[in-house]
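Grab a pencil and work through these exercises with the structure open beside you. Try each task before you read its solution.

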Amino acid sequence: MTAETAAQELLTVKDLRVSATRRESQDLHVVDGASFSIAPGERAALVGESGSGKSVTCFSVMGLLAQNLRVSGGSIRWRGNDLATAKREEIRRLRGPEIAMIYQEPLTSLNPLMTIGYQLKEAARRSKVGRREILEMLDRVGFADPRRIMGQRPHELSGGMRQRVMIAMALIGQPKLLLADEPTTALDVTIQSQVLKLMYDLSYEMGTAVLIVSHDLSVVRKLSDTIHVMYAGQVVESGPTDSVLSQPRHPYTRALLSSAPRLGDTRERLESIPGIVPTPDQWDAGCRFRSRCPLATERCAETPPVDVVADRSSACWHVDQLLAEQKEATPL
Ligand SMILES: Nc1ncnc2c1ncn2[C@@H]1O[C@H](COP(=O)(O)OP(=O)(O)OP(=O)(O)O)[C@@H](O)[C@H]1O
Ligand SMILES: [Mg+2]
């Protein structure tokens, strides 16, 4: 890596492994070999089926893993520091002013007993931001009467309003990275795109990088510069969104694309790829997609090579065949 690329990186996750402690058997790796990086201001997306490890990866970066989970391998480099080995206290200090997260269900991350104002002030305190900025932020996320919202409790607000409060709370400290784990799936379809647009407009104005976790490729296509495709605890393909989606270099990405709902229909989840996702106790050193892959051969039981072409990477033995099939399917 050159000094220039190192300086441009904000977050670099390398070979991340997260293990779950089990009482009566060996630890289970639930993320196992995830690598990707994000540059300042970049809009990245993490996509993949349920259980692939997207949320666990985000929680690892935030230092907020469940009690029975721990980072057991790899590194999470944040502006030169390795968060994988950092003390909890060090990571806690970054949460808010440097890295913020928006969760899928705002009700679980807002305290039901406390007013919105109290919770926003708590978030703002970490970032040394005052009341005037809080009111301004509520105005920016579209509340006509910020003072009134400050006095309300979460259950008095609609789902969309709560998620806008979460956006305000996450961005109040002007973090360098916003992690958004399926931020709109709990919302009514009609306001999903509105809330997403707001999140992206504000983070763009502030120069905040975004990592969005999504099942919805139409969201990713429109909003993200880069895409990282996760399967069974690993990132199997990465690259600029347009090129990954128009010319996938991993059979899993191709399968995701062909099972994606048509543009405009944002409700369906990606779940129609034939076969079953292997569970973490079935993962081995070979390609984990091989049981569902039409291109799989015996060789796929060995660790697939990482194919790197310009700013694209994918882990597959059969990239050439995949590309040849694509060429056949779309003659020039
Ligand atoms: N606290 C935990 N203890 C043990 N296993 C866990 C724990 N949390 C998550 N897992 C397991 O880790 C794997 C990855 O889970 P994760 O929640 O990151 O998936 P995901 O990609 O976010 O899925 P979804 O799209 O459904 O949100 C799954 O197999 C899950 O069962
Ligand atoms: Mg998740």
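**Exercise 1. The shell around the ligand**

Find out which helix gives the most residues to the shell around ligand 1, and then describe that shell.

*Solution.* 
Step 1: Look at helix H2, which covers residues 54-62; with 3 residues, this helix gives the most to the shell around ligand 1. Keep in mind that you are looking at a predicted model.

Step 2: Now take in the whole shell. Ligand 1 is surrounded by 16 residues, and the closest are Ser50, Gly51, Lys54, Ser55 and Asn68.

Step 3: Sort the shell by class.

**Exercise 2. Polar atoms at the ligand**

Look at serine 50, lysine 54 and serine 55, and work out how far a polar side-chain atom of each lies from an oxygen atom of ligand 1.

*Solution.* 
Step 1: Start with serine 50, where an N or O atom of the side chain is 2.4 Å from an oxygen atom of ligand 1.

Step 2: Go on to lysine 54. One of its polar side-chain atoms lies 2.8 Å from a ligand 1 oxygen.

Step 3: Finish with serine 55, which has a polar side-chain atom 2.8 Å from an oxygen atom of ligand 1. As for cover, ligand 1 on its own has 640 Å² of accessible area, and the protein covers 68% of that.

**Exercise 3. The chain as a whole**

Does the radius of gyration of the chain agree or disagree with that of a compact globule? Describe the overall fold too.

*Solution.* 
Step 1: Count the secondary structure: the chain has 13 helices and 12 strands.

Step 2: Check the radius of gyration. A compact globule of 332 residues would have a value near 20 Å, and the chain has 20 Å, so the two agree.

Step 3: The C-alpha trace spans about 65 × 45 × 45 Å along its principal axes.

Step 4: See what is hidden and what is on show. Of the 332 residues, 51% count as buried. The accessible surface is about 16600 Å², and carbon and sulfur atoms make up 50% of it.

Step 5: Look at who touches whom. Take the contacts between residues at least 6 apart in sequence: 67% of them join residues at least 24 apart.

**Exercise 4. Two positive phi angles**

Aspartate 15 and alanine 232 both have a positive phi. Where do they sit, and are they buried or exposed, or something in between?

*Solution.* 
Step 1: Recall the background: most residues other than glycine have a negative phi.

Step 2: Take aspartate 15, whose phi is about 45 degrees although it is not a glycine. You'll find aspartate 15 in strand E1, residues 11-20. Its relative accessibility is 43%, so aspartate 15 counts as partly exposed.

Step 3: Take alanine 232, with a phi near 45 degrees. Alanine 232 is in the loop between strand E9 (226-231) and strand E10 (234-240). Its relative accessibility is 1%, so alanine 232 counts as buried.

How values were computed. Residues numbered from 1 in each chain as written. Chains lettered and ligands numbered in written order. Predicted model: local features only at pLDDT ≥ 70, side-chain atom pairs only at ≥ 80, totals over all residues. Heavy atoms only, no water. Near = heavy atom within 4 Å. Polar contact = N/O pair within 3.5 Å; in protein donor to acceptor, adjacent residues only side chain to side chain. Areas by Shrake-Rupley, 256 points an atom, 1.4 Å probe, with all protein chains shown as cover. Helix = DSSP H or I, 4+ residues; strand = E, 2+ residues; numbered from the N terminus. Rg over C-alpha atoms; globule rule 2.2 N^0.38 Å. Buried < 20%, exposed > 50% of the residue type's maximum accessible area, 1.4 Å probe, protein only. Contact = heavy atoms within 4.5 Å.
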